[in-house]
Amino acid sequence: MEGRDVYLVAGLRSHLGLQNGIFKEVPPEKLGAALLRQLCVQVPVAREAQLVIGGNAVGSGGNLTRLLALEAGFPVETPALTVDMQCASALAALALGYGQIRSGLLDVVLAGGVESSSMQPRRVYQPWDVRYTPEGFMTAQFSPDTNSPRAMLEGAERTAQVYGVPREELDRWAVRSHQKAAEARQSGALDPYVVSLFGSTRDESIRPRMNEKLARRMPTLFRKEEVAELLTQAEREKAGDGTPTLTAANACLTQDGAAFLLLCSGRQLEAWEREEKPVRPRARIRHVTTAGVEPRFSPLGALEVGEKALQEAGLTYSDVDDFEYNEAFAVISALFARRHPDCVDRYLPLGGALAYGHPYGCSGAVLVLHALAALQQRGGQRALCAIAGAGGTGAAVVMERV
């Protein structure tokens, strides 16, 4: 066991609650703190973390992770930092923790994230800022060419139009996601990785009865004339008739949730063994990476960073037993299937974000936990987790079960 190898020892997530749902009145720092306390109960060595890194996308700002670490009872000497890579924040946190351990600077890191869409604050630009409006804003600006509060939805609609993915194809992926998630709930595949907090009993968004007929009833999120306005002339020439595709079924819902992972070095595992502490690694982190894509087509970030991760790790798609892509929009899944049809049976076998929802700041850590569950359930060894972020970014991790 190499001293600088990086291992995933343990991890937990909360149930995932709908915006204004089960965690409506729980501040994100208290939700994250409650999760960390539970993780420390299950795996006491988590209290030995030398650094806590947490993702957060729509919180109040400041170093939220430091606040939640203190709320969780970590020593004041334990530093903490907050990462904002929007949807990719938790995987970015994992990547930072991986780097600290891989370089030999640290041996034990907690990485993950927390989000409360229910408590997303409203902000106001200064009156002399050209973006100022009296009502303020809730969605940050992600790209120089737009400050639209619907930038991510617009990017998904634009991607579906330019790549010729019709609504019917998107809806099929939404149905699949709910069916797979319902099966996972029934089998208990995720039970070891999910903890009840503040009286929660279930992931709130899964719809076992979702079918194509129900999906077809959903109104589109854009009108046809709005779709035309999203596209440049060159893009319109590729887009066919511009029939809207996005609905509340084939675009994920926003959530409240928390998820954290305990990472450590090989030498730390050996030290714990000498100290007779019962710690067994669940996986080795083989590679981490990030990427950037054109912000107008931000969903492509997941596809491109996944490709990059495998290339850098010296692997092919046939080497991967489980693909956990953050299914923020069904167009991500549809394009993955078009590019890699032979991998569909290994893609999100427990369902994806179209069913579970998307608690931005912690979604990457949720993917990692779902990958662990899927590998265990199916007897696989290697997983690729990939996620797109607002503004045209992506983060990915390749992990191997041990």
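**Salt bridges, a strand pair and the cores**

Student: Which side chain does Glu-225 meet in a salt bridge?

Tutor: The side chain of Arg-223, at 2.9 Å from N to O. A salt bridge here is a side-chain nitrogen of Lys or Arg within 4 Å of a carboxyl oxygen of Asp or Glu. This is a predicted model, where local features need pLDDT of at least 70, side-chain atom pairs count only at pLDDT 80 or more, and totals for chains, interfaces and linings use all residues. Residues are numbered from 1 along each chain as its sequence is written, and side-chain values use heavy atoms, with hydrogens and water left out.

Student: Which residues are linked with them in a network?

Tutor: Salt bridges connect Arg-150, Arg-223, Glu-225 and Glu-226 in a network.

Student: How many salt bridges does the structure hold?

Tutor: 19. One of them joins Glu-400 to Arg-284, with the closest N and O atoms 2.9 Å apart. That pair links distant parts of the chain, 116 residues apart: Glu-400 lies in strand S11 (residues 393-401) and Arg-284 in strand S8 (residues 283-292). Strands (E, at least two residues) and helices (H or I, at least four) are DSSP runs, numbered from the N terminus. Glu-400 is buried at 7% relative accessibility, while Arg-284 is partly exposed at 23%.

Student: Changing topic. Which way do the residues of S9 point?

Tutor: In S9 (residues 322-325), Asp-322 and Glu-324 point one way, Phe-323 and Tyr-325 the other, and all are buried. S9 pairs with S10 (residues 382-389) in the parallel sense over 4 bridges; pairing takes at least two DSSP bridges between the strands. Glu-324 has Cys-385 as its bridge partner in S10.

Student: And the largest nonpolar core, how many residues?

Tutor: 57, and those with the most contacts inside it are Leu-8, Leu-94, Ile-285, Val-368 and Met-399. Its largest share, 10 residues, comes from helix H13 (residues 363-378). A nonpolar core is a set of buried Ala, Val, Leu, Ile, Met, Phe, Trp, Tyr and Cys residues joined through side-chain atoms within 4.5 Å.

Student: What does Met-399 touch?

Tutor: Leaving out residues up to four places away in sequence, its contacts include Leu-8, Ile-285, Val-368 and Cys-385. Contact means heavy atoms within 4.5 Å.

Student: Which residues are in the second core?

Tutor: That separate core has 50 residues, among them Phe-222, Ala-239, Phe-323 and Tyr-347.

How values were computed: Buried means under 20% relative accessible area, exposed over 50%, partly exposed in between (1.4 Å probe, protein chains only).
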